[in-house]
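This briefing is meant to be read beside the sequence and the three-dimensional view. Please keep both open while working through the points below.

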Amino acid sequence: KSTAEVNAARRAGGAVDTEKKFAGGSNRPAQSQVPNARKLDENTEAFRHNTVSHDFKLALQQARLAKKLSQAVLATAINEK
């Protein structure tokens, strides 16, 4: 909302909630302020996604091609981006 709309709501006696954006109004680059940088530095675990076997990949591809589906159509059919 604009400042004029907020001021009008205040004059009318309405409830107005305002929030300050994180690092809003400062002239620093976004890369210099990471809110959870310390937590990221302390974490030493290596995270990896689970993978599927090569045989499963081929079976999925062959099943998709047998039904003449593209990857995009299959993704929308299973509600995946």
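Leaving aside its neighbours within four places in sequence, with which residues is Arg-64 in contact? In this predicted model, Arg-64 is in contact with Leu-69, Ser-70, Gln-71 and Leu-74, once the neighbours within four places in sequence are left aside. The points below set this residue in its context, beginning with the overall architecture.

**Overall architecture**

- The protein contains four helices and zero strands, and its elements, read from the N terminus on, run α-α-α-α.
- Buried residues make up 5% of the 81 residues in the protein.
- The accessible surface of the protein comes to about 8,200 Å², and carbon and sulfur atoms account for 52% of that surface.

**Helix H3 and Arg-64**

- Helix H3, which covers residues 54–66, has 13 residues and reaches 18 Å from its first C-alpha to its last, close to the 18 Å expected at 1.5 Å a residue.
- Arg-64 is found in helix H3 and has a relative accessible area of 14%, so it counts as buried, the cut-off being under 20%.
- Leu-60 also lies in helix H3, but because its relative accessibility is 43%, Leu-60 counts as partly exposed.

**The loop between H3 and H4**

- Lys-68 has its place in the loop between H3 and H4, and with a relative accessible area of 76% Lys-68 is exposed, since the cut-off for that class is over 50%.
- The phi of Lys-68, which follows H3, is near 60 degrees, a positive value in a residue other than glycine.
- Most residues other than glycine have a negative phi.
- Leu-69 lies in the loop between H3 and helix H4, the latter spanning 71–77, and Leu-69 counts as partly exposed because its relative accessibility is 27%.
- Leaving aside the neighbours of Leu-69 within four places in sequence, Leu-69 is in contact with Arg-64 and Leu-74; Leu-74 is also among the contacts listed for Arg-64.

**A nonpolar patch on the surface**

- Val-52, Phe-56 and Leu-60 form a nonpolar patch on the surface, and together these residues have about 270 Å² of accessible area.

Notes
Residues numbered from 1 in each chain as written. Predicted model: local features only at pLDDT ≥ 70, side-chain atom pairs only at ≥ 80, totals over all residues. Heavy atoms only, no water. Helix = DSSP H or I, 4+ residues; strand = E, 2+ residues; numbered from the N terminus. Buried < 20%, exposed > 50% of the residue type's maximum accessible area, 1.4 Å probe, protein only. Contact = heavy atoms within 4.5 Å. Patch = residues over 30% accessible without salt bridge, like charges linked within 9 Å, V, L, I, M, F, W, Y side chains within 5 Å. Areas by Shrake-Rupley, 256 points an atom, 1.4 Å probe, with all protein chains shown as cover. Salt bridge = Lys/Arg side-chain N within 4 Å of Asp/Glu carboxyl O. Expected span 1.5 Å × (residues − 1).
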